Amino acid sequence: MTGNENPLIIARNERTRWFSSDRFGMFIHWGLYSIPARGEWVRSVERISTDAYQPYFEEFNPSQYNPKVWAALARQAGMKYAVLTAKHHDGFCLFDSQLTDYKSTNTLCRRDLVREYVEAFRAEGLKVGLYYSLLDWHHPDYPAYGDRHHPMRDNEEYKGRSQDFSRYVEYLHGQVRELLTNYGRIDIIWFDFSYDKMSGETWKAAELVGMARSLQPQILIDNRLGGSGESNRNFGSKNPPVYAGDFACPEQIIPPEGLVDEDGQPVPWEACLTLNKNWGYAAADKDFKSPQQVVRALVECVSKNGNMLLNVGPNAGGEIPGECVQILAEVGEWMRKNSASLYACGRSEFPKPEWGRYTQKGKWLYAHIYDRGIGPVNFRGLAGKVKKARLLEDGSEIKLERPWMTTEYPADAFIDFPSSRLPDALDSVVELELL
Ligand code: GLC
């Protein structure tokens with residue numbers, strides 16, 4: 001069956017229409033690990049036992065938590081959807097699950113943090129997603145000794161402990177049912193992640209997907225029930241398994257050519273990227289990307305038919321770090337003037353130019369000019385194809401000109417910025433209306 005005949009793919013492409021138009025989302029990694037502040041893998045990396053991690057549970061009381069502030073920041077940055085960690089690998093639940101005591105409503109804050117998040121982001125007009133870790137280093141029936149990642153993976157005391165993995169899978173399914181039943185419309189469920197034999201039907205993935213789609217027929221599911229950050233295997237297949245998901249999620253990389261299926265047809269994908277080097281709050285990690293890097297990463301994703309899910313890691317108090325707020329404010333200022341070049345746009349029919357990138361939406365071609373270069377700006381092969389050009393940020397006319405030095409290039413179009421400097425150092429966008 002070709003991709004365009006497979007009913008699974010037809011349904012996927014319909015379901016993801018809004019996703020592939022919105023292009024830009026906020027990832028939020030937040031939980032107990034925000035207290036040690038050394039990233040969300042701290043338990044695994046430092047082999048911290050459940051008992052040694054328990055003080056963070058006792059202490060957790062994010063008095064500054066106000067998801068309305070987070071939601072406003074996301075919207076002002078131009079983000080259209082968000083994904084919050086409802087449960088990360090440490091097993092701590094930011095929601096009032098009836099299946100465990102290891103949850104935010106049993107901490108000093110006594111709050112259902114997920115409920116407040118979905119209500120605040122919906123009120124701000126954003127679509128809401130929930131990240132749910134398939135791994136669970138707190139649950140007694142999750143493989144520990146000899147596992148590739150568990151904090152107690154080489155602790156002899158855990159060798160030979162009696163476990164019933166089917167009890168864990170039942171717990172996993174039960175919590176997903178809670179999240180997709182008790183919190184209204186959920187637009188994305190973002191599972192994370194499969195590895196070795198811990199993949200696919202080990203999670204009873206087909207049954208899990210069936211339940212998710214029966215509870216929330218519109219919901220988008222990522223591809224990590226059978227994949228991970230480095231592997232989008234089985235997603236590009238024309239006949240994917242039912243749990244292949246609705247979009248691929250390459251991690252900390254923008255796929256060099258974007259992502260296509262076996263037929264070379266574009267598939268929905270979302271690059272998830274951190275603002276510094278950590279997903280969870282890491283106090284010492286000040287290696288933040290600049291607003292220019294963020295804008296150009298988003299442009300690159302869209303120019304390759306993809307989305308960008310950009311992460312913030314709030315601190316123990318529930319605040320998004322000031323550096324992230326500042327970066328997102330500057331990105332938002334650029335988006336306020338130029339988002340038409342990204343929303344509902346995708347790969348251009350024209351090859352990547354030397355001075356930057358193209359995005360396109362039908363007859364509207366957006367030139368993202370990063371390098372002013374010398375002399376007129378060259379548009380290879382566009383001679384006679386452009387009706388008019390405008391600087392997107394203010395609508396001012398950009399003259400299509402053929403100054404004397406362009407005589408030898410009749411197939412190309414040219415514009416000549418009046419100044420030797422570009423209007424916007426982040427990204428100067430010229431909107432070209434094609435004939
Ligand atoms: C990796 C990390 C996990 C993080 C995820 C985000 O799977 O293990 O900590 O939440 O990437 O994509």
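Which side chains meet in a salt bridge with N to O at 2.9 Å, one of them being that of Asp 96? The partner is Lys 103, and point 3 returns to this pair. Here are some notes to read beside the model.

1. **What you are looking at.** This is a predicted model, in which local features need pLDDT of at least 70, side-chain atom pairs count only at pLDDT 80 or more, and totals for chains, interfaces and linings use all residues. Residues are numbered from 1 along each chain as its sequence is written, and side-chain values use heavy atoms, with hydrogens and water left out.

2. **Overall build.** The protein chain has 10 helices and 13 strands (DSSP runs numbered from the N terminus: H or I of at least four residues for helices, E of at least two for strands). Its radius of gyration is 24 Å, close to the 22 Å that the globule rule gives for 435 residues, so the chain is as compact as a globular protein of that length (the radius is taken over C-alpha atoms, and the rule is 2.2 Å times the number of residues to the power 0.38). Along the principal axes, the C-alpha atoms fill a box of roughly 80 × 50 × 40 Å. Of the 435 residues, 59% count as buried (under 20% relative accessible area; exposed is over 50%, and partly exposed lies in between, with a 1.4 Å probe and protein chains only). Among contacts (heavy atoms within 4.5 Å) with a separation of 6 or more, 72% come from residues 24 or more positions apart.

3. **Salt bridges.** The whole structure holds 25 salt bridges (a side-chain nitrogen of Lys or Arg within 4 Å of a carboxyl oxygen of Asp or Glu). In the opening pair, Asp 96 is partly exposed at 29% relative accessible area, whereas Lys 103 is buried at 8%. Another pair is Arg 75 and Glu 124, at 2.4 Å from N to O. Arg 75 sits in helix 5 (residues 67-76) and Glu 124 in the loop between helix 6 (113-123) and strand 3 (127-133), so this bridge ties together parts that are 49 residues apart in sequence. Arg 75 is partly exposed at 39%, and Glu 124 is partly exposed at 23%.

4. **A bridge between loops, and a network.** Arg 148 forms a salt bridge with Asp 196, with the closest N and O atoms 2.9 Å apart. Arg 148 belongs to the loop between strand 3 and helix 7 (165-182), and Asp 196 to the loop between strand 4 (188-192) and helix 8 (205-215), so the pair ties together parts that are 48 residues apart in sequence. Elsewhere, Lys 363, Lys 387, Lys 388 and Glu 433 are linked in a salt-bridge network.

5. **The cores.** The largest nonpolar core has 101 residues, and those with the most contacts inside it are Met 26, Tyr 117, Phe 121 and Leu 225 (a core is a set of buried Ala, Val, Leu, Ile, Met, Phe, Trp, Tyr and Cys residues joined through side-chain atoms within 4.5 Å). Helix 9 (residues 291-303) gives the largest share, 7 residues. Domain 1 (3-341) and domain 2 (356-434) both contribute, so this core lies between them (the bounds come from an automatic or database domain assignment). A second, separate core of 20 residues includes Tyr 358, Ala 367, Phe 417 and Leu 434.

6. **Helix 4.** Tyr 53, Tyr 56 and Phe 57 are the buried residues of helix 4 (residues 50-59). Viewed down the helix axis, these buried residues fall within an arc of 100°, so they line one face (the arc is that of the directions from the axis to the C-beta atoms). Helix 3 (42-45) is included in what covers them.
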